Amino acid sequence: MTCLGIIGGSGLEHFPELEGSVSLSVATDWGTPSSPLQKGQLGGVEAVFLSRHGETHSIAPHLIDYRANIAALAEQGVEAIVAVNVVGGIDPEMCPGDLVVPRQIIDYTYGREHSFFDGREQPLQHIDFTYPYSESVRERIVSNAIGLGLNLHSHGVYGVTQGPRLETAAEIERMARDGCDIVGMTSMPEAALARELDIPYACLALVVNPAAGLSETEISMDAIDQMITEKMAEVRRLLVAIARSFDQ
Ligand code: HPA
């Protein structure tokens, strides 16, 4: 029996699909997670939901206690994590409304607490991070999306920026030259921390805007909100299907 962890990003602060859920306000050695954990049943398996930006979407990407979040999920015994992120599209094929399951990361963040192994509280330990996302969790997301008839890009490079501001056009041009396909603010250090604790982790990204400088107009926060409202129901359905697939 698998226990699935789900981390909700912007637009996914609650997950009422969880059946019989209880709210757990926990503390970890690393701090308090962004939100209480919602623990219940999803698609026949146990699941734990955490809202990355807090229940009222009040915690900025650079201020999230990623260590507390991952430690809290680990303490609940999650055996896999699906992390939902909204992103901007850099690859012209990755348009608003598209789902992407990235395979690689380039980390542009700075100043975030990004390791459990700081040599003080925990002995120093290096991890392999050649492939930052779990291939088996990625495949599960992709196959369930295909099963539901959803359009999805099964590869891509996620460039993680510091935020909370969006990027300049020149920064996006540089990121495109670096090979980034999508840009967001929250996959790091989350993915690396999950790897440090050996929890298979993958990202389900929803493209909500063309990245800076890639459309005729400036980026509209209203248009982003509208895209989130339109598409998050699809993401929710996919999460339920993914959970159900762990029960088979
Ligand atoms: N840049 C960074 N993060 C984002 C974006 C973006 O354009 N859209 C949604 N999250």
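This is a predicted model: local features need pLDDT of at least 70, side-chain atom pairs count only at pLDDT 80 or more; totals for chains, interfaces and linings use all residues.

**Notebook: pockets and ligand**

I counted 32 lining residues, and Ser-10, His-57, Val-86, Leu-166 and Met-185 are the closest to the centre. I then checked which elements give two or more residues to this lining: β5 (80–89), β10 (182–184), β11 (201–210) and α5 (221–246).

Where is the ligand? I found that the space it takes is the largest pocket. β5, β10 and β11 each give two or more residues to the shell around the ligand. The largest share, three residues, comes from β5.

I listed the residues around the ligand: Val-86, Val-87, Gly-88, Leu-166, Glu-167, Val-183, Gly-184, Met-185, Val-208 and Asn-209. By class, I noted six nonpolar, three polar and one charged.

A polar side-chain atom of Asn-209 is 2.6 Å from a ligand nitrogen atom. For Glu-167, a polar side-chain atom lies 2.7 Å from a nitrogen atom of the ligand. Val-86 uses a polar backbone atom, 3.4 Å from a ligand nitrogen. I also looked up the cover: on its own the ligand has 260 Å² of accessible area, and the protein covers 94% of that.

Last, I turned to the second largest pocket, with about 190 Å³ of space. Its lining includes Tyr-108, Tyr-110, Arg-165, Glu-167 and Arg-174. I noted three nonpolar, three polar and four charged residues there.

Key
Residues are numbered from 1 along each chain as its sequence is written. Side-chain values use heavy atoms; hydrogens and water are left out. On a 1 Å grid over the protein atoms alone, a cavity is a set of points where a 1.4 Å probe fits but cannot get out, and a pocket is an open set with protein on both sides within 12 Å along at least five of seven lines; lining residues have an atom within 4 Å of a point. Helices (H or I, at least four residues) and strands (E, at least two) are DSSP runs, numbered from the N terminus. Grid points are joined across faces, edges and corners, and a volume is the space filled by probe spheres set on the points. Ala, Val, Leu, Ile, Met, Phe, Trp, Tyr, Cys and Pro count as nonpolar, Asp, Glu, Lys and Arg as charged, and the others, Gly among them, as polar. A residue is near a molecule or strand if one of its heavy atoms lies within 4 Å of it. A polar contact is a pair of N or O atoms within 3.5 Å; within protein, one must be able to donate a hydrogen and the other to accept it, and residues adjacent in sequence count only if both atoms are side-chain atoms. Accessible areas come from the Shrake-Rupley method with a 1.4 Å probe; for residues, only the protein chains shown count as cover. A molecule sits in a cavity or pocket if more than half of its atoms lie within 2 Å of its grid points.
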